[in-house]
Amino acid sequence: MANVPAELRYTREHEWAKIEGDRARIGITAFAQEQLGDVVFVELPKVGAKVTAMKTFGVVESVKAVSDLFAPVSGEVVEINAELPKKPELVNTDPYGQGWMLVIRMANPKDVDGLMSAADYEKLTAGGGH
Amino acid sequence: MTDTTGETPLKRTPLRDVHVKAGAKMVPFGGWDMPVQYTGIIDEHRAVRRGVGLFDISHMGEFEVRGPDALAAVQRLCTNDARTLEIGQVQYAALCYPEGGIVDDLTVYRLAADHYMLVVNASNIDKDWTWVTSHSVGRAEWKNVSDETALLAVQGPKAEALVARLADRDVTGIHYYRFARGAVAGVPALISRTGYTGEDGFELYVAAGGAERLWAALIEAGRPDGIQPIGLGARDTLRLEMKYALYGNDIDQTTNPLEAGLGWVVKPAKGEFIGREAIEALRARGIPRKLVGFEMVERAVPRHGYRLLSGGAPVGVVTSGSFGPSVERSIGMGYVPSAQSAVGSELAVEIRGTAHGARVVKTPFYPSHTKKA
């Protein structure tokens, strides 16, 4: 069973969000990286870009597949993980830590209410994929 | 990520349960339930380049043909010249349509004076069987032995020593594209110095019933070498780094051997074969497009079907693409106009609506380590 930290919120598309005041740090879940396999490229928006909840904000490519990334919340990108272009494998090795992708300053903090709890996300992924 | 198997149940190799038990991620491939990866594609790819990897490729098809006209039948079907084959020798070739398109690519084994084995792609077994049996000539008896034959590939710089330890005969003297019969771990095998990785190694043809025993023995004996089971994912990245064509991706009915860079297995001087006239006409007219290898300037990954651009205009299509774990960059193959096919030609690949820079490079992308001597 993939690791699902209790303090994070989740989307059905397998992104996680860590709420830090009016900001949300975003990445993909352990389940998602395991399904993708070796990540070799992550395409992210630039700092200052606007993203919209449940719209795509970028792309993650593994050796075999390409997958869209969905923004859990709407807002402005205030930080991106500058390590990922050089070390995309961080998404595999530490999906909730060094493999984070971006930080969004939320336009509407109520977006968080629409995200899944860890318990619900765990139910979503239980037995899935294999 | 759901397993949509469709209407027909997937076929299974004799080792399917072994893969599942080993934790492989299974996927449908050409109608077969196959392991795509065990630990991860990059890890498995590197294991083959650095040590030794074990592949179950029992999904491949094997046809035998024997009789006084077996050679004549092979000569009519295949583009290469099987007359030059000695007993114990293997040859790469193509089956072509009269129009010059490719039915399949294959290897031809001369088992005995009037006895050959054709090894074909898994996804083409039914099509090829119909093709060879309906275009055969003279007294040649065909037998489809695909279901009763298992095929394991042992590939990597440590493959030779591993197989040598388990074999009841010398295998170090089997040269590239040669084979011999012997027992490996007590399992009678056709031991072939061939592969699809660019590394030295063997492909071992055994009876289906012996596959599990041979697999287990190789895993056990290869433990000190760090042997790993290798899935289709790494098989694909390994062959891509060598620019080996994959049927259905880089070659098919709509491509001919000349533009695919397979002119070296077309031997018109040998006499009549299916597709000869069309291929000769193509050669005389000149080849308008060629299959090239290219590397990406950035890391974005080219994929099968993406458009190739030159000067902003579409000029061709990507037939295979991936991140190459040994070359550590994104690489691909595709057809481009001959004028843009020279090494150094600047191209772009359209990825999600944006042109990403690429350039034609010398291939193989990664140096071959097959034992050519």
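B:Val108 stands opposite B:Leu118, a residue of strand 7 of chain B, in a model that is predicted. The two strands concerned, strand 6 and strand 7 (residues 115–120) of chain B, run antiparallel and are joined by five bridges, and the hairpin that links strand 6 of chain B to strand 7 of chain B passes through two residues.

One of the pairings places B:Ala94 with B:Asp105, its bridge partner in strand 6 of chain B. These two strands form a hairpin with five residues between them, and B:Gly100, which lies in the turn, has a positive phi of about 100°. How much of strand 6 of chain B is covered? Strand 6 spans residues 102–112 of chain B, and nine of its eleven residues are buried, which leaves the strand mostly covered.

## Chain B as a whole

Chain B holds eight helices and 19 strands, and it is divided into domain 1 (16–59 + 148–241), domain 2 (61–127) and domain 3 (288–373). The C-alpha centres of domain 2 of chain B and domain 3 of chain B lie 31 Å apart. Along its principal axes, the C-alpha trace of chain B spans about 60 × 50 × 50 Å. A compact globule of 373 residues would have a radius of gyration near 21 Å, and the 20 Å of chain B therefore agrees with that expectation.

Of the 373 residues of chain B, 49% count as buried. Among contacts in chain B with a separation of 6 or more, 66% are between residues 24 or more positions apart.

## The nonpolar core

In soluble globular proteins, nonpolar side chains tend to be buried together. The largest nonpolar core here has 136 residues, and those with the most contacts inside it include B:Val74, B:Leu152, B:Val154 and B:Leu214. Once neighbours within four places in sequence are left aside, B:Val154 is in contact with residues including B:Val52, B:Leu54, B:Leu162, B:Phe202 and B:Leu218.

## Chain A and its sheet

Chain A has three helices and nine strands, and from the N terminus on its elements run β-β-β-α-β-β-β-β-β-α-β-α. Its C-alpha trace spans about 35 × 35 × 20 Å along the principal axes, and its radius of gyration of 13 Å agrees with the value near 14 Å that a compact globule of 130 residues would have. Buried residues make up 45% of the 130 residues in chain A.

Six strands of chain A form an open sheet in the order 1-2-3-9-8-5, with antiparallel pairing. Strand 1 (9–10) and strand 5 (50–51) of chain A stand at the edges, and because each has a single partner strand, one side of each is left without a neighbour in the sheet. Strand 1 of chain A pairs with strand 2 (residues 15–20) of chain A in the antiparallel sense over two bridges, and A:Tyr10 has A:Trp16, in strand 2 of chain A, as its bridge partner.

## Where the chains meet

Which residues bring the two chains together? Twelve residues of chain A are in contact with 14 residues of chain B. On the side of chain A that touches chain B, strand 4 (39–43) and strand 6 (56–62) of chain A each supply at least two residues. By class, that side of chain A has five nonpolar, four polar and three charged residues.

Technical notes. Residues are numbered from 1 along each chain as its sequence is written. Chains are lettered from A and ligands numbered from 1 in the order in which they are written. This is a predicted model: local features need pLDDT of at least 70, side-chain atom pairs count only at pLDDT 80 or more; totals for chains, interfaces and linings use all residues. Domain bounds come from an automatic or database domain assignment. Two residues are in contact if their C-beta atoms, placed from the backbone, lie within 7 Å. Helices (H or I, at least four residues) and strands (E, at least two) are DSSP runs, numbered from the N terminus. Ala, Val, Leu, Ile, Met, Phe, Trp, Tyr, Cys and Pro count as nonpolar, Asp, Glu, Lys and Arg as charged, and the others, Gly among them, as polar. The radius of gyration is taken over C-alpha atoms; the globule rule is 2.2 Å times the number of residues to the power 0.38. A residue is buried if 20 or more other C-beta atoms lie within 10 Å of its own, exposed if 12 or fewer, and partly exposed in between; C-beta atoms are placed from the backbone. A nonpolar core is a set of buried Ala, Val, Leu, Ile, Met, Phe, Trp, Tyr and Cys residues joined through C-beta atoms within 7 Å. Two strands pair if DSSP finds at least two bridges between them.
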